Amino acid sequence: MKVIQIDKNDWNRGIDASRKAYHLFGPVTDNNQSMFKQLAPDQYPDMEKPDTIMSPKSVLFPQTEKLLGATLDPTAENHHIMERPETDYSPRAVIGIRPYDARAVALVKLNFDTPEYRDPYWCDAYAATTFVGLAVNQPSVTDFSTAMGSGPFAEEGLDALLVDAGDLYLAKVLTPKGEAFFSAAGFDTVADTDESLEKIEQLKNKAETAMGPLAVFTDKLAQKSILDLHGAPFWEDLAFTCINCGTCTFVCPTCWCFDIQDETKGNSAARFRNWDTCMSPLFTKHGSGHNPRGEKTQRVRQRFMHKLKYFLDKYDSGTMCVGCGRCVEKCPVNIDIRQVCNKMNSYEPQK
Amino acid sequence: MNAYTEKIRELSSNLLREGKVDLVIGFKQGTVPMATVPAIARTPEEAATFVWDANCSLNLANYLTNRTEKIGIIAKGCDSRNIVNHIVENKISREQLYIIGVPCTGMVDKPSIRALFDLEITQFKEEGETLLVKTLENELKIDKQDYLRANCRTCMHRNPVIHDVLVAEPVVEQTLEDPFKDVKAIEQMDDDQRWNHFETLLDGCIRCYACRNACPLCYCPTCFVDESNPQWVGKGQDPSDVRTFHFLRAYHCAGRCTDCGACEEACPMDIRVRDFTRKLVKDSLEIYGWEAGLTLDQRPPLDTFKPDDPDAFIK
């Protein structure tokens with residue numbers, strides 16, 4: 001394990017140096033909204049406020065992404081032939097991604113990069129990306145990542161982990177991609193490994209202590225029967241409260257569902273995919289007109305069952321929730337996945 | 001516990017105990033600071049967990065649409081106006097409702113309170129008109145009236161316009177020199193400025209439709225943006241599609257919007273979507289002398305027809 005130390009005074013210089021080799025993405029505040037965006041040439045990641053409303057999932061999975069395009073001009077030789085557009089997949093680096101969001105990328109990968117099917121758009125973007133994480137020294141009141149297989153200093157899915165240690169960052173280099181990024185940035189001051197790892201451990205313990213004891217339990221989810229959970233009485237009350245907007249799914253770092261749309265304008269045709277949401281009545285509506293989730297209760301149940309049960313059963317890689325807390329924070333009616341998870345985990349059907 | 005909460009619990013529990021209603025719709029305490037949860041109580045015990053504070057911002061009339069039970073509902077001024085809308089538009093009947101009216105002194109604007117601190121808010125307490133807000137590192141006592149939502153600052157109907165019982169004496173209604181300063185500022189912009197204003201306004205929209213779903217007026221069985229056969233509007237992030245959604249949503253609210261602010265309250269991106277509907281509220285008042293949701297005896301101006309309409313286009 002190599003640890004690099006970066007004086008904060010050198011930070012911007014290194015970021016500038018890295019721009020020669022990478023397109024940079026990072027947390028920025030525009031129009032009062034904190035987002036992960038591609039940084040403008042004179043823009044720096046906001047390392048003081050990296051907790052964004054939207055997760056960085058859009059770096060690999062844009063809300064609207066053109067998949068194919070064609071010309072409808074009958075005089076063109078290739079008219080009506082759909083082709084994949086030219087996309088820039090040169091190296092990108094996501095700076096300041098939180099550990100829970102990095103775990104989310106690893107979970108989304110299970111869906112987009114499978115032995116049976118490999119989503120070329122997501123996978124190409126993923127292959128091009130280096131994830132330079134920033135540990136969470138001060139977890140928010142809605143952060144429950146330690147209960148969901150991640151944590152404020154977790155390393156899964158990251159190429160490097162920066163730890164804010166006051167005047168400097170201590171950077172754990174985790175993969176060759178991480179190594180390459182620091183080399184491009186010119187960050188090469190190797191820290192005393194034992195000493196810095198001890199410092200990191202202290203900050204980690206402090207952060208985890210601040211989060212308090214685990215209050216979200218997932219240990220019994222795997223042994224529950226899907227049908228029992230389906231029939232649980234608590235979905236009705238949840239569905240009453242839920243206004244059925246798509247906020248939770250859009251702010252969620254692991255929600256990967258999309259809808260494909262064809263559009264034309266003049267002589268150009270395009271096939272797009274857009275983020276979709278299981279909260280929408282249209283989401284599973286069949287061509288026949290039948291809708292297996294026509295009722296709100298069915299849709300609300302679907303979201304939690306997918307996150308906390310179906311995914312767990314299918315991949316055996318934990319829940320599809322990483323505990324970032326965005327849905328808890330942003331739900332207009334404060335539906336709290338922590339409570340739902342505990343209800344599911346402790347549910348025993350009435351015999 | 002504040003006096004409103006106490007009274008709401010008492011009245012709701014009694015209604016359920018006496019069997020006068022099947023359920024009561026109110027607010028429960030949320031799991032994070034400054035959050036409340038719209039919820040149903042079917043038993044007196046459940047009603048005893050209701051709360052009332054300056055975060056009960058959503059509009060509970062939204063939960064009445066097409067319900068068939070006998071319902072008790074907690075209603076502040078704006079909720080009561082949307083209940084009137086719902087009755088006039090046949091989404092619920094007056095006989096089904098027992099309205100527990102709450103004279104309101106305004107709901108707080110969460111973004112502007114959050115903006116006071118660098119750190120996130122860990123505690124929020126209300127003592128009368130004073131708010132005590134804490135973060136991990138500091139705390140502030142602020143005057144609620146300085147941090148009201150924009151729609152509460154221009155609200156002219158703080159007292160419920162329809163109710164079966166009130167939880168307290170009516171409050172004094174506000175007198176405002178000009179409730180439409182904000183709209184006029186936009187009206188006075190030149191075309192380019194105005195275009196730019198609305199374009200920037202919608203910059204962060206993620207089309208989650210929380211504004212629509214929090215709105216008691218939006219109860220169409222299938223919203224035009226969800227129609228797929230035919231499809232009226234593109235579903236992506238193309239600005240023309242994002243704008244189409246917002247413009248059409250606003251126009252569907254013309255003459256019906258009570259400016260309750262639920263749309264802005266629900267928006268995860270803090271977009272000031274009322275900039276669209278406010279203009280329609282002003283026009284309704286100026287053109288038709290109409291304020292939505294004040295009377296059960298008259299239909300809104302845009303769903304009536306008069307054979308003697310003075311305008312030539314209709315003849």
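1. Let me start with a cap: at the N-terminal end of α3(A), a side-chain oxygen of A:Asp119 lies 3.2 Å from the backbone nitrogen of A:Tyr121. Please keep in mind that this is a predicted model.

2. Staying with this helix, α3 spans residues 120–128 of chain A, and its buried residues are A:Tyr121, A:Trp122, A:Cys123, A:Ala125 and A:Ala128. Their cover includes the strands β4 (64–71), β5 (92–97), β6 (129–134) and β10 (268–275) of chain A, along with helix α2 (99–112).

3. Next, the largest nonpolar core, which has 147 residues. The members that touch the most others are A:Trp235, A:Phe304, A:Leu308, A:Met344, B:Ile25 and B:Ile83. Helix α2(A) supplies the largest share, seven residues. Both domain 1 (2–57 + 81–211) and domain 2 (221–346) of chain A contribute residues, so this core lies between them. Another core, of 22 residues, lies apart from it and has A:Ile4, A:Ile15, A:Leu39 and A:Ala171 among its members.

4. B:Ile25 deserves a look of its own. Leaving aside residues up to four places away in sequence, B:Ile25 touches A:Phe240 in chain A, and its contacts in chain B include B:Ala39, B:Phe50, B:Leu60, B:Tyr63 and B:Ile73.

5. Finally, a helix pair in chain A: α7 (residues 234–241) and α9 (residues 296–315) pack at about 105°, with axes 9 Å apart. Angles from 65 to 115 degrees count as roughly perpendicular, so α7(A) is roughly perpendicular to α9(A). On the α7(A) side, A:Trp235, A:Glu236, A:Leu238, A:Ala239 and A:Phe240 take part, meeting A:Lys296, A:Thr297, A:Val300, A:Arg301, A:Phe304 and A:Met305 of α9(A).

How values were computed
Residues are numbered from 1 along each chain as its sequence is written. Chains are lettered from A and ligands numbered from 1 in the order in which they are written. This is a predicted model: local features need pLDDT of at least 70, side-chain atom pairs count only at pLDDT 80 or more; totals for chains, interfaces and linings use all residues. Side-chain values use heavy atoms; hydrogens and water are left out. Buried means under 20% relative accessible area, exposed over 50%, partly exposed in between (1.4 Å probe, protein chains only). Helices (H or I, at least four residues) and strands (E, at least two) are DSSP runs, numbered from the N terminus. Contact means heavy atoms within 4.5 Å. A polar contact is a pair of N or O atoms within 3.5 Å; within protein, one must be able to donate a hydrogen and the other to accept it, and residues adjacent in sequence count only if both atoms are side-chain atoms. A nonpolar core is a set of buried Ala, Val, Leu, Ile, Met, Phe, Trp, Tyr and Cys residues joined through side-chain atoms within 4.5 Å. Domain bounds come from an automatic or database domain assignment. Axes are lines fitted to C-alpha atoms, for helices over the stretch in contact, and angles run from 0 to 180 degrees between N-to-C directions. Angles under 35 degrees count as roughly parallel, over 145 as roughly antiparallel, 65 to 115 as roughly perpendicular and the rest as oblique.
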